[in-house]
Amino acid sequence: MQMLPPFGLEDACTREVDQIVATSTMEDQANIESDTLIFVDIDGVLNIAIRDPKGAPLLLSEDNAERALAMWSERGSLQQDQRTAVERIVATCSRQEGPFEDATYSKLLCAPNTALSDLLVGRLARLIEAAGRQCKVVLSSTWRLPRHSKRAHQAEAILSRHLGRHFAFDARTAIWDDNTPELRLECIADFAAEHCEKAPWVKRLRMLVLEDFHTTPFGTWHCRRQEMGSADAVEQYLRSRVPARIDASVRLIHTYDEWTTDGGLSMKIGCGLTRQHCDRALGFLEAFSSSGNGGVFKQPVIDQNIDGKGVADECMDKHRAQLWVNMSDALVHAFRSGAHVLASRCSTPVAPVPCIV
């Protein structure tokens, strides 16, 4: 004898299954119609690049900082270029990371073997997680060039560790010489336009651009005769390159800082993805997700402790402190106290290491 379900239960189960299938279909359709592109520069974003008018940018690395400290007390006897390099590195180490930060840029020193700051790479990983499933991470840095493939693979490996899964850049911007801010912007815009042409089903597009534009301030360069005087101008230009049928949203995170030292030295740096930058980027990604645009579902990416500091950052800070206690923490203490002490294990002057770009 066939057993029948209680009256009404079969209909209820059928309705529940139909609802689940319908919900999944709507979510998949929303994802298909929406796309997210994250353009990632590396020098000046995942490390700190110090602009040197007479040569390649200097990298704010652990070994460069050590060398600069070791040479500080005798800088007056150095050649002009060497003395200026030492002063630039020390000035950057002692510069406050942001208007609401209690740490200096020495917190973001990069490892000499990777030229990457682990803390900054961790912040990028948080942005990738916040972007959701329908996201393409595009390498727009000079690191995309074939001769830098080893370093790009190192960046992917460190991102994989932070994400807890395998990571590889989904795409790269075109391989051509984009050694000026306007050419870099054109290269990013060309990629976005081509991406839209290849995906005619996309109705909504959001672009997050992480760039220092070769350590260049706004108001000093043009793109197609338009002055790029602000982040708004860059964002407007990128939107103009996207087909009119697409609802495009753009956020530029310009990782740039400038100041003049007490000694009159003009400083311009690619300051890396500071916490303030990271918060602005997260706000853009989460606002877009929670608004219902783009079909990317909002997910918590930052747990806050009582001080308002991200738990992920706090854990990463502890990890770095354990790794570099003889270096980074000592530097922070020295600069905060205003004392310029020599590192006992680095008495041999060595030329600072330049960035790739």
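Two strands count as paired when DSSP finds at least two bridges between them. With that in hand, look at strands β1 (residues 34–40) and β4 (residues 135–139) in this predicted model: five bridges join them, and they run parallel. Pick out Phe39 and you'll find it standing opposite Val138 in β4.

Now zoom out to the sheet these strands belong to. It is an open sheet of five strands, ordered β5-β4-β1-β6-β9, with parallel pairing. At the edges sit β5 (171–172) and β9, each pairing on one side only. Helix α7 packs on this sheet, where it touches β6 and β9, and its direction makes about 145 degrees with that of β9.

Stay with α7 for a moment. The helix covers residues 231–240, and its buried residues are Ala233, Val234, Glu235, Tyr237 and Leu238.

Next, go into the interior. Nonpolar side chains in soluble globular proteins tend to be buried together. Here the largest nonpolar core has 60 residues, and Leu127, Leu208 and Leu210 have the most contacts inside it. Helix α4 (residues 118–131) gives the most to this core, with nine residues. There is also a second, separate core of 26 residues, with Ala189, Phe191, Met228 and Leu252 among them.

Setting aside neighbours within four places in sequence, Leu127 is in contact with Ile38, Leu208, Leu210, Leu273, Cys278, Ala281, Leu282 and Leu285. Leu210 is in strand β6, and it counts as buried because its relative accessibility is 0%, under the 20% cut-off. Its contacts, again leaving out neighbours within four places in sequence, are Ile38, Phe39, Val40, Asp41, Val45, Leu124, Leu127, Ile253 and Leu273. Leu210 and Leu46 are 164 residues apart along the chain, yet their C-alpha atoms are separated by 9.6 Å.

Asp118 is found in helix α4, and it is buried at a relative accessible area of 13%. What does its side chain join up with? A polar contact of 2.6 Å links the side chains of Asp118 and Arg161.

What about the cysteines? Cys187 is buried, with a relative accessible area of 2%, and Cys271 is buried too, also at 2%. A disulfide is a covalent bond between the sulfur atoms of two cysteines. Taking sulfur atoms within 2.5 Å as the criterion, the count of disulfides in this model comes to zero.

Finish at the hairpin. Strands β10 (residues 256–260) and β11 (residues 266–270) pair in the antiparallel sense over five bridges. Trp259 has Met267 in β11 as its bridge partner. Five residues lie between the two strands of this hairpin, and in the turn Gly264 has a positive phi of about 90 degrees.

Terms used. Residues are numbered from 1 along each chain as its sequence is written. This is a predicted model: local features need pLDDT of at least 70, side-chain atom pairs count only at pLDDT 80 or more; totals for chains, interfaces and linings use all residues. Side-chain values use heavy atoms; hydrogens and water are left out. Buried means under 20% relative accessible area, exposed over 50%, partly exposed in between (1.4 Å probe, protein chains only). Helices (H or I, at least four residues) and strands (E, at least two) are DSSP runs, numbered from the N terminus. A nonpolar core is a set of buried Ala, Val, Leu, Ile, Met, Phe, Trp, Tyr and Cys residues joined through side-chain atoms within 4.5 Å. Contact means heavy atoms within 4.5 Å. A polar contact is a pair of N or O atoms within 3.5 Å; within protein, one must be able to donate a hydrogen and the other to accept it, and residues adjacent in sequence count only if both atoms are side-chain atoms. Axes are lines fitted to C-alpha atoms, for helices over the stretch in contact, and angles run from 0 to 180 degrees between N-to-C directions.
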